[in-house]
Structures are given as C-alpha cells and as structure tokens.
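Biologist: I'd like to learn how to read salt bridges in a model. Could you walk me through them?

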Amino acid sequence: MVDYFMNDSIMITRFLSIAALVFGLSVGTAYAQHNITLIKQYASDNTAFTQGLERLDDDRLLLATGRYGKSSIGVFNLRTGKYTIKAHLPKQYFGEGASVTPYGIWQLTWKEHTAFLRDAQDFHIIAKAHYDSEGWGLAYYKDQDILYMSDGTDVIQLRDAKTFKLIGNLPIRYQNKAVHLINELEFANGFIYANVWQSNFIIKIDPATGDVVKLYDATQLLNTTFTKAQRQHMDVLNGIAHIKDNRFYITGKLYPNIFEVVLD
C-alpha cells in the first residue's frame with residue numbers, strides 16, 4: 001500500500017518513482033495532468049477489497065471483490081451504503097474485475113486463468129472460460145460487442161463478449177513509452193479509462209491507437225478526504241464506473257467512500 005504519511009520531499013520522490021515505473025518516464029519528466037472535480041461522496045463498505053465496479057442504474061453498482069477465501073460479487077446500493085453479496089467464489093479463487101454484457105456478467109480471477117459468466121439476475125454461474133494470462137480489469141464495449149481485459153502488463157486484451165475468446169491485443173503507450181500495471185477498466189465516451197495499480201493515477205486511453213490521451217491524479221482528493229486512521233486501513237485506488245458524460249464513480253480497495261467526480 002502506498003504510504004500517504006511521508007514528508008513532502010519523500011512524497012515527491014515516491015510520486016516520481018511511481019511515474020517512472022508506470023509510464024516509463026525519467027524522474028523530472030514533465031507531463032500534462034487533468035483535473036478531478038469532486039461532486040459528491042457516498043458511504044461505502046470499507047471491508048470490500050474492490051476489484052471491479054460498474055454502474056447498474058441510478059442507485060446501484062455492480063461490485064466485485066478479491067482476496068482468497070473472501071472473493072465475492074454483488075450489488076452495492078448508493079442510497080443505503082449496503083453491499084449485498086450475490087455469490088462467493090470458492091476459496092481457491094482470487095476474484096478480480098467484472099463487467100455486464102448482454103450474455104451475463106463476466107468475472108475474472110487473478111492467477112487461476114478462469115473467467116466466470118454469471119446470470120445477470122441471480123448471479124449463478126452459466127459458463128467458464130480459460131485464459132493464459134493473469135486477470136485484472138474488465139470493461140464492455142457495446143458497439144463492437146467486445147470486452148477489454150487487463151492483466152497487469154502494458155497490453156490490454158480484446159475478447160469476444162460472448163465466448164471470451166481472445167481476438168486482439170492493444171499495447172498501451174504514453175509519450176511513446178509503455179504503460180505498465182494497468183488495472184480496473186471502464187469503457188465510456190469512446191475511450192478506455194483505467195486505474196494504474198500502486199498509484200493514484202487514472203488514465204484515459206484511445207482504443208484506436210492505445211495512446212494515453214489524458215492523465216488524472218487523485219492524490220489531492222484522497223489526501224484531503226481521509227483521516228490518518230482511515231488511511232491506515234485502506235489499500236490502493238481501484239474502481240471506476242461511468243455515470244454519464246464526464247461523470248464517474250471512483251473508489252478503492254477497503255475505501256470507506258465512493259466518490260462521484262468529473263474527469264475533465
């Protein structure tokens with residue numbers, strides 16, 4: 001977990017080190033960042049190790065969680081702050097990202113090379129699919145009927161939304177450098193939005209080229225929102241769900257809040 005209780009000079013060094021690791025940048029390289037504007041906060045379940053987040057309707061979010069023996073998938077109600085678990089994964093599976101498609105809800109696992117297709121109503125398992133990589137994030141693109149899948153590398157996989165068959169790969173680059181540790185995904189407004197593991201970055205990716213066209217840093221938002229005691233129990237930023245236009249919900253693993261924000 002990133003340590004938010006460092007002094008300013010150490011914090012800057014850590015920030016630049018993460019940027020260098022993730023974006024292939026040398027320390028001191030200048031790069032454009034765009035604003036995250038807070039609209040509203042919602043109380044969340046701070047026991048949820050969030051791996052996948054997706055809007056279902058005005059009040060409800062699909063929420064998938066991880067950890068061996070604790071992985072679950074269900075519905076989070078923004079009005080009540082309650083997470084209703086619909087299904088648990090067997091203890092040998094570490095749950096990862098999830099996304100709704102016309103065929104059901106696909107749910108990834110981390111190192112188990114297995115994706116589960118669940119019924120969208122009662123969440124029972126309809127089918128399984130195998131993949132060779134790790135599983136991290138997942139997002140559905142309706143117009144092309146495909147899924148975007150991340151595996152922690154600098155490549156996003158394209159998969160058939162019905163069969164989960166691999167149909168392509170999209171290398172991700174920022175200023176001609178590979179972007180690593182791509183995590184939870186969301187497709188919106190013709191772009192892929194992604195969390196970057198072990199950082200407070202959200203990136204906006206052009207799916208036609210794989211280029212990162214915008215970079216958002218949530219550090220200020222998080223540091224001005226959470227207390228020291230809260231931060232000691234939190235893990236990394238992870239979870240992005242599109243509302244409409246440039247409005248999104250964002251959260252993280254073991255976060256006590258879900259934020260409604262505008263990504264400019």
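Biologist: Which residue forms a salt bridge with aspartate 58, and how far apart are the closest N and O atoms?

Modeller: First, the general idea: a salt bridge here is a side-chain nitrogen of Lys or Arg within 4 Å of a carboxyl oxygen of Asp or Glu. In this case the partner is arginine 55, with the closest N and O atoms 2.5 Å apart. Keep in mind that this is a predicted model, where local features need pLDDT of at least 70, side-chain atom pairs count only at pLDDT 80 or more, and totals for chains, interfaces and linings use all residues. Residues are numbered from 1 along each chain as its sequence is written, and side-chain values use heavy atoms, leaving out hydrogens and water.

Biologist: How many salt bridges turn up in the whole structure?

Modeller: The search finds five. One of them joins arginine 60 to aspartate 57, at 2.8 Å from N to O.

Biologist: Which residue meets glutamate 260 in a salt bridge?

Modeller: Arginine 247 does, at 2.6 Å from N to O. This pair links distant parts of the chain, 13 residues apart: glutamate 260 sits in strand E22 (residues 257-263) and arginine 247 in strand E21 (residues 247-252). Strands (E, at least two residues) are DSSP runs, numbered from the N terminus. Glutamate 260 is buried at 5%, whereas arginine 247 is partly exposed at 27%.

Terms used. Helices (H or I, at least four residues) and strands (E, at least two) are DSSP runs, numbered from the N terminus. Buried means under 20% relative accessible area, exposed over 50%, partly exposed in between (1.4 Å probe, protein chains only).
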